[in-house]
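Open the model in your viewer and keep the selection tool at hand. Each stop says what to pick and what to look for.

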Amino acid sequence: MRKIEVSTSATVYNDISELSVEDKMLMQKAIESRNKAYAPYSKFHVGAALLLDNGEIVLGNNQESAAYPSGMCAERVAIWKAGSAYPDMKIVKLAITASSTITKVNKPIGPCGACRQTLSEYEINQKTPFQVLFMGEVGEVVVTESLLSLLPFSFDSTYL
């Protein structure tokens with residue numbers, strides 16, 4: 001038996017105003033997308049914005065259904081939209097933001113497990129890490145240099 005340690009790192013900004021111009025613009029696009037989310041059941045709105053290496057920005061937001069859990073997360077809406085519209089483009093950055101009509105979301109909300117798994121497929125396939133920025137409605141913004149830093153011991157096609 002042996003014990004291993006797995007660690008990750010992230011940069012935490014106090015708020016969106018501390019981000020670079022490019023990152024602030026990308027997060028603003030995620031906020032705009034969040035505001036268009038269809039979340040009548042959870043009241044939890046999520047927006048995502050992907051920056052591709054050709055300069056395109058692809059947006060996604062969560063889409064709910066009365067037949068829970070038939071809805072879809074913002075991150076997967078965006079990644080599949082990018083994959084279908086721009087299959088040969090690499091992802092450079094992903095910005096995610098969440099808000100609620102019930103309470104103020106004042107802490108960073110990272111992607112759910114299913115989204116992390118789906119996003120990892122794209123990062124692994126493109127053989128280049130992409131930054132992930134995430135925040136709530138207000139407050140701190142977390143930035144990681146790779147999606148895989150959010151998903152240690154990831155599962156990929158090499159296991160199949």
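Select β4 (91-100) and β5 (residues 131-135) to begin. The two strands run parallel and are joined by five bridges. Strands here are DSSP runs of E with at least two residues, helices are runs of H or I with at least four, and both are numbered from the N terminus. Two strands pair if DSSP finds at least two bridges between them. Pick isoleucine 96 next: it stands opposite phenylalanine 134 in β5.

This is a predicted model, in which local features need pLDDT of at least 70 and side-chain atom pairs count only at pLDDT 80 or more, while totals for chains, interfaces and linings use all residues. Residues are numbered from 1 along each chain as its sequence is written, and side-chain values use heavy atoms, with hydrogens and water left out.

Five of its five residues are buried. Buried means under 20% relative accessible area, exposed means over 50%, and partly exposed is in between (1.4 Å probe, protein chains only). Which residues sit on each face of β5? Gln131, Leu133 and Met135 are on one side, Val132 and Phe134 on the other, and all are buried.

**Stop: the whole sheet**

Strands of a sheet pair through backbone hydrogen bonds, either parallel or antiparallel. Select all six strands. They form an open sheet in the order β1-β6-β5-β4-β2-β3, with mixed pairing. β1 (11-13) and β3 (57-61) stand at the edges with a single partner strand each, so one side of each has no neighbour in the sheet. From one strand to the next, the twist averages 15°.

**Stop: helix α2**

Select α2 (74-85). At 1.5 Å a residue its 12 residues should span 16 Å, and its end C-alpha atoms are 16 Å apart, which agrees. The expected span is 1.5 Å times one less than the number of residues. Show the side chains of Ala74, Glu75, Arg76, Ala78, Ile79 and Ala82: these are the buried residues of α2. They pack against β2, β3, β4 and α3 (113-126). Packing rests on contact, meaning heavy atoms within 4.5 Å.

**Stop: aromatic pairs**

A pair of aromatic rings is described by the distance of the centres and the angle of the planes. How many aromatic pairs does a search of the whole structure find? Two. Rings of Phe, Tyr and Trp (its six-membered ring) pair if their centres lie within 6.5 Å; planes under 30 degrees apart count as stacked, over 60 as edge-to-face and the rest as tilted.

Select tyrosine 41 and tyrosine 68. Their ring centres are 6.0 Å apart and their planes are at 80°, so this pair is edge-to-face. Tyrosine 41 lies in the loop between α1 (21-34) and β2 (44-52), and tyrosine 68 in the loop between β3 and α2, so the pair ties together parts 27 residues apart in sequence. Tyrosine 41 is partly exposed, at 40% relative accessible area.

Jump to phenylalanine 155 and tyrosine 159. Here the ring centres are 5.4 Å apart and the planes at 15°, so the pair is stacked. Phenylalanine 155 is partly exposed at 43%, and tyrosine 159 is exposed at 56%.

**Stop: backbone details**

Go back to tyrosine 68. A cis peptide bond joins tyrosine 68 to proline 69, with omega about 0°. Now pick lysine 43, in the loop between α1 and β2. Lysine 43 has a positive phi of about 65° although it is not a glycine. At 33% relative accessibility, it is partly exposed.

**Last stop: phenylalanine 153**

Is phenylalanine 153 buried or exposed? It is exposed, with a relative accessible area of 65%. Leaving aside neighbours within four places in sequence, phenylalanine 153 is in contact with Ile4 and Val6.

Terms used. Axes are lines fitted to C-alpha atoms, for helices over the stretch in contact, and angles run from 0 to 180 degrees between N-to-C directions.
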